[in-house]
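Please view the sequence and the structure before reading on.

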Amino acid sequence: MVKSFTELNICNNTVIQLKKMGIKVPMPVQERAIPALMSGKDVIARAQTGTGKTLAFLVPLAEKINAEKHFVQALVITPTRELTQQIETEMKKILGEREVKVLAVTGGRDFELQKRKLSGKSHVLIGTPGRLLEHIRQKNTSLGGVKYLVLDEVDEMLEQGFINDAIQLISMTSPDRQTMLCSATLSEEVRKLGRKLTKNCAIIDINPNAATVDTIKQICIKTTEEYKNRAISTLIDRYNPYLMLVFCRSKERAKDLGEWLGAQGYNADVLHGEMSATKRKTVMKAFRDARIQILTASDLAARGLDVEGVTHVINYDIPHDVNWYVHRIGRTGRAGKSGIAVTFYTADEVRWLHNIENKLGVVIERQNLEGRIVARRIKSTYGKKEKTQKRGRSSVKNKRMAPKTGSNRRQQRKK
């Protein structure tokens, strides 16, 4: 096991910058990807967000970019604006005082301002496919000198239909480029794309459960649709979280819940895909600065959302896809820190809970709203008899679920 970044043969300046960021020991994906990329290999990496994959490709980029060559040398393509901006921020931190120009290029920002910045000959471009193509078509920049290419959240680009635009951009880069593909899954589509874009690549497969089980306390709470709001109010009062993310299955439910929490006096806001870029940026900055304590979000926010200090994640609506479950709860317990993830489920949704447990190979502890363990009947996937989880109280009276209106703590939180 590698105990420091110096063992990965990266320069002292980069090691110093990482220490300033509070990062001293490489995570598994970094331990494997950085040496491969430094040696010039292409890489396909499956790793969930929160496992350190961003630094796995940014550290080698920081080492390889030549500040004296005034053209675009590296291109990072992402599916979302938020992820683009986060990567830009991380890259600038790693570079420190080096004179390497990094530019984020996304929709929702002033096109003419981006055009002027592009004329300043950036070394690293990080952006979403659509806006990058707009600038290319208007000849505001060129990708012919790109020797280092990264596709982040490849599975999301495939799912959202962005991959054709990305392929167009890739066709404009140097044919002898070095390529890294990052994905949360290694589906056949991802593998097929990898075969098309890489050569003699190293495949790095980080177990999706390994990044979450040890650092995240996973809890499930059985409730009803009618009592979900009261239940979440009770949890907020009991946990008094530093930062809490609450995931809903649609933007409408996220908005409704956010408005309800605000009406109860909680310091809450909402994030969803149809907000303007300015509003999204404002909300995210307030959440990162802890001026917003609770953020209700649609699943769009689960991808690439990296906020330091998220202590609690609530699955207000249980996800039907295990990958979305991992993405959601991966917003907490990041970089080795601990976190709590709570999933609400109703009697009609037990099968989705079993689906998550079976695919991840875990048994999620059931609690009541007071935090006591409740007995569960667990169906074995191997045809054995059902097992009973640790016994405890099996229900919570309605009065226990009622929010504590007018409490001093809530008034302080509201401020």
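## A parallel strand pair

In this predicted model, strands β9 (residues 244–247) and β11 (residues 294–297) run parallel and are joined by four bridges. Strands here are DSSP runs of E with at least two residues, and helices are runs of H or I with at least four, both numbered from the N terminus. Two strands count as paired if DSSP finds at least two bridges between them. Within this pair, Val-246 stands opposite Thr-296 in β11.

Helix α10 (residues 228–239) packs on the sheet and touches β8 (216–222), β9, β11, β12 (312–315) and β13 (339–345). The direction of α10 makes about 160° with that of β13. Helix α12 (residues 277–288) lies across β9, β10 and β11, at about 135° to β10. Contact means heavy atoms within 4.5 Å; axes are lines fitted to C-alpha atoms, for helices over the stretch in contact, and angles between N-to-C directions run from 0 to 180 degrees.

## The sheet

The open sheet has seven strands with parallel pairing, in the order β10-β11-β9-β12-β13-β8-β14. Because β10 (268–271) and β14 (365–366) stand at the edges with a single partner strand each, one side of each has no neighbour in the sheet.

## The whole chain

The chain contains 16 helices and 16 strands.

## Basis of the values

Residues are numbered from 1 along each chain as its sequence is written. Local features need pLDDT of at least 70, side-chain atom pairs count only at pLDDT 80 or more, and totals for chains, interfaces and linings use all residues, while side-chain values use heavy atoms, leaving out hydrogens and water.
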